[in-house]
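Subject: Structure handover

Hello,

Here is the structure I said I would pass on. My notes on it follow below.

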Amino acid sequence: MSQSLPHFRVARAGAAPRDSEVDPDLELVERWQGGDSGAFELLVRRHQQRVFGLLLRLLGDRDEALDAAQETFLNLHRHGHRFRREARWTTFLYRVAVNAALNRRRNLGRRRAHMEALSQQGVAGALPEAPASPESAAVSGELRARVQAEIVALPPALRAPVILYDIEGLPYAEIAAALNIPEGTVKSRIHRARQTLRKRLAGLVRESSGAQGGAVAAGKGGAP
């Protein structure tokens, strides 16, 4: 990675406030495009947490999200001169991040296919085991992990719009610009994603409610 790129770190951070009508990043972008490398570092620091959160939801894996975040800011550093203010800087940033996530997904697919081929050849046992999935986490986080898993399982065309709208809080127009699709298509895909998630999670919600009720009943029965 270029030495002019700052080290990417992840820490817990709240959701970024909604942008005003004036692009709050424009001054930094202009300074950076004018040769001020420190301005790019400030842009990275300003947006790295939000970009990582978006990529984590898109990919469902922390390490993959970190790699995709590095790729996102590296691509911005290389190609940011193409930004021409047709939209907000954050819209351009989201477009680059979503493309990075799609690239990572394709790479993951190729690696999984390679692992399956090795397994069929009887050599998978010699490979290190994959880290535990979110579903194998503590019971208290199981519901959240399974919801995240269902989001990640959505087709990319549905996953990105619903995450950008329902989780990131972007308006339809900004999502359309970021994904380079018509606004009507954004609305349609969000609707389809919500329907799909609702169907997939209906049984999970019932199971969770039943489990909680059983725990309460057991606690009452065991009381002296």
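Which residues have the most contacts inside the largest nonpolar core? They are Leu54, Leu55, Leu58, Leu76, Trp89, Leu164 and Leu179, in a core of 46 residues. A nonpolar core here is a set of buried Ala, Val, Leu, Ile, Met, Phe, Trp, Tyr and Cys residues joined through side-chain atoms within 4.5 Å. Buried means under 20% relative accessible area, exposed over 50%, and partly exposed in between, with a 1.4 Å probe and protein chains only. At least two residues of this core come from each of H1 (26–33), H2 (37–59), H3 (62–79), H4 (89–120), H6 (156–167), H7 (172–179) and H8 (183–221). H2 gives the largest share, 10 residues.

Before going on, some notes on the basis. This is a predicted model, in which local features need pLDDT of at least 70 and side-chain atom pairs count only at pLDDT 80 or more, while totals for chains, interfaces and linings use all residues. Residues are numbered from 1 along each chain as its sequence is written, and side-chain values use heavy atoms, with hydrogens and water left out.

Overall make-up

The protein has eight helices and zero strands, and its elements run α-α-α-α-α-α-α-α from the N terminus on. Helices (H or I, at least four residues) and strands (E, at least two) are DSSP runs, numbered from the N terminus. Of the 224 residues, 32% count as buried. Among contacts with a separation of 6 or more, 69% are between residues 24 or more positions apart; contact means heavy atoms within 4.5 Å.

H2 and its partners

H2 and H3 pack at an angle of about 140 degrees, and their axes are 9 Å apart. H2 is therefore oblique to H3. Axes are lines fitted to C-alpha atoms, for helices over the stretch in contact, and angles run from 0 to 180 degrees between N-to-C directions. Angles under 35 degrees count as roughly parallel, over 145 as roughly antiparallel, 65 to 115 as roughly perpendicular and the rest as oblique.

By class, the contact of H2 with H3 has 13 nonpolar, four polar and two charged residues. Here Ala, Val, Leu, Ile, Met, Phe, Trp, Tyr, Cys and Pro count as nonpolar, Asp, Glu, Lys and Arg as charged, and the others, Gly among them, as polar.

H2 also crosses H6, at roughly 135 degrees, and the two axes come within 10 Å. That angle makes H2 oblique to H6. The contact joins Leu54, Arg57 and Leu58 of H2 to Arg159, Ala160, Ile163, Leu164 and Ile167 of H6. By class, the contact of H2 with H6 has six nonpolar, no polar and two charged residues. Not counting residues up to four places away in sequence, Leu58 touches Val98, Ala101, Arg105, Val152, Arg159, Ala160 and Ile163.

Glu174, Ile175, Ala176, Ala178 and Leu179 are the buried residues of H7. Leu179 counts as buried at 19% relative accessibility. Leaving aside neighbours within four places in sequence, Leu179 is in contact with Val98, Ala160, Pro161 and Leu164. The C-alpha atoms of Leu179 and Tyr94 are separated by 8.1 Å, although the two residues are 85 apart along the chain. Ala176 counts as buried at 10% relative accessibility. With neighbours within four places in sequence left aside, Ala176 is in contact with Ile181, Pro182, Glu183 and Val186.

Asn180 lies in the loop between H7 and H8. Is Asn180 buried or exposed? Asn180 is exposed, with a relative accessible area of 64%. Asn180 has a positive phi of about 60 degrees although it is not a glycine. Most residues other than glycine have a negative phi.

Ile190 is in helix H8 and counts as buried at 2% relative accessibility. Ile190 touches Pro161, Val162, Tyr165 and Tyr172, not counting residues up to four places away in sequence.

Regards
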